[in-house]
Amino acid sequence: MFALAAFALAARLTVVWLLADAAHPPYTFEHGQIAANLLAGKGFAIRFLGSEGPTSQQAPCYPLLLAAVQTFCGQGLASLYLMQVLQALAGAACVVLVAQLAARWFPESPAAGWFAGLLAAVHPTQLYAVAQIQPVVWITLCLFVVLWLAQRAGTSGWRGPLWFGAAAGWLLLWEPILAVALPIAALARLLADRGQGLSWTAGLKRLALTVATAALVIAPWLARNYAVHGELVFIKSTFGYAFWQGNNPLSLGTDKLPTEASRAATAQREDSLAARAGAVQSARLATRYIDDVALTPADYRQLALLGEPQRCRWLGQRAVDFIRTQPDRYARLCLARLRYFLLFDETNPRTANAVFRVTTVAWLVLGTTGLLATWSRIRVLWPSVVIFLAVTAFHALTISSVRFRLPIEPLAWIWAAGALAPLAAHLRVARRDSATALPAPLPEGATLSGPHATLRGPHRAAQEHAARQGASTRREL
């Protein structure tokens, strides 16, 4: 596993180096604004929906990490490069977890772990994510830590449930949307405990300890949110806001609208990888947020009268009203989002890249084929399948973006590895069998003349003696 981790880390650091471009540094989006306010003494704050102040627009971990790095390295390129190196380390750790999960789920195929790890190590979208100042790499790592711990059931001690609960809480502090995965992972852990001989009572007690631990991990942030907003806010306040972005009369199903400028930037052809990445980032920044088009000055005046959670709920109610009056349009948006999520999001310039498209098709085909080929293992694989479907369905029904798919992408590589490893073993055995089935070599001194073998030296004498004996026998008969 050390070799796999080293290879995954080297691949990610190479991508960071190739994409480094001082003229187009990675954009930090809202995380950078919050980090800057933290360093300026303004607290966890941002300007959001026309008002500036303390916010729960983002989960806390990534802006806090960025602010910590900038404390030591300043707010220039050095801090961004250090963030990328840290993300490369997190990505390599995730590759190791993917390999270990594949080895555990396919114990009859020793090579399955290596196949899954290698596929995850070289997956272009995962490599590219390391170079972006976005939390998706850390979210992916936390999800696979949760899945890995969910498989490590046992009858001794309480450390397992404590670690499992802590990992679940940290996942929520990175991305609360993935709360949809936690009940599935918890059920898998409970059933694994039962498989190790624990009673239902003991298993439920361990599950209760897990839930309590997760609650303790997120409790400080919940208390902060209550102090700031005067009401309970579960990690982020923005579900209603994001739901409205994906479901309103102007929306295409995401938070973005393409523009002529973004299309022109996407069409640029650059020589170096760094320049191409810069063009893609320019195209991404040239798109318009749905807020800039759909919200009127009257809407902003109304929003200014509300606190942040109330603003998000107000917009969420507008989305509900839109769905109620135009259910057919909502159904079309859901189908479009499903296509965006699994294939290509036409509202995001990054998906227009040929590498992204080829990679996505390969990922989808290999993952689907692998799942079908290993369907007999569904009693083991079901948590990964249900989590994949739950996350996909959530984003198809609400709002979609390329980054939302990245945490569950490695699951498909595990399924693919489960089919590729036996296939590779079968081909190896077939080659070995074909090699052993070759004709035995001729005795020393033998040569082939036409279709018949001709022997020399003592072998020729033995051949002539056998021929004379055969002729004598035929005369006697």
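Reply: Buried here means under 20% relative accessible area, and exposed means over 50%. The structure is a predicted model.

Me: Are F48 and Y241 buried or exposed?

Reply: F48 lies in strand β1 (residues 45-48) and Y241 in helix α11 (residues 239-246), 193 residues apart. For both F48 and Y241, the classification is buried.

Me: How many aromatic pairs are there, and what kind of pair do F48 and Y241 form?

Reply: The count of aromatic pairs is nine. In the pair of F48 and Y241, the centres are 4.9 Å apart and the planes make 90 degrees. Planes over 60 degrees apart count as edge-to-face, so the pair of F48 and Y241 is edge-to-face.

Me: Which kind of pair do F239 and F243 form?

Reply: F239 and F243 are four residues apart in helix α11, and therefore about one helical turn separates them. Their ring centres are 5.9 Å apart and their planes stand at 5 degrees, so the pair is stacked.

Me: Which class of accessibility does F243 have?

Reply: F239, at 47% relative accessibility, counts as partly exposed. F243 has 13% relative accessibility, and the limit for this class is under 20%. F243 is therefore buried.

Me: How far is the charged end of R206 from the centre of the ring of W158?

Reply: R405 lies over the face of W363, at 4.6 Å from the ring centre. The charged end of R206 sits over the ring of W158, and its distance from the centre is 5.8 Å.

Terms used: Residues numbered from 1 in each chain as written. Predicted model: local features only at pLDDT ≥ 70, side-chain atom pairs only at ≥ 80, totals over all residues. Heavy atoms only, no water. Phe/Tyr/Trp six-rings, centres within 6.5 Å; stacked < 30°, edge-to-face > 60°. Helix = DSSP H or I, 4+ residues; strand = E, 2+ residues; numbered from the N terminus. Buried < 20%, exposed > 50% of the residue type's maximum accessible area, 1.4 Å probe, protein only. Lys NZ or Arg CZ within 6 Å of the ring centre and 35° of its normal.
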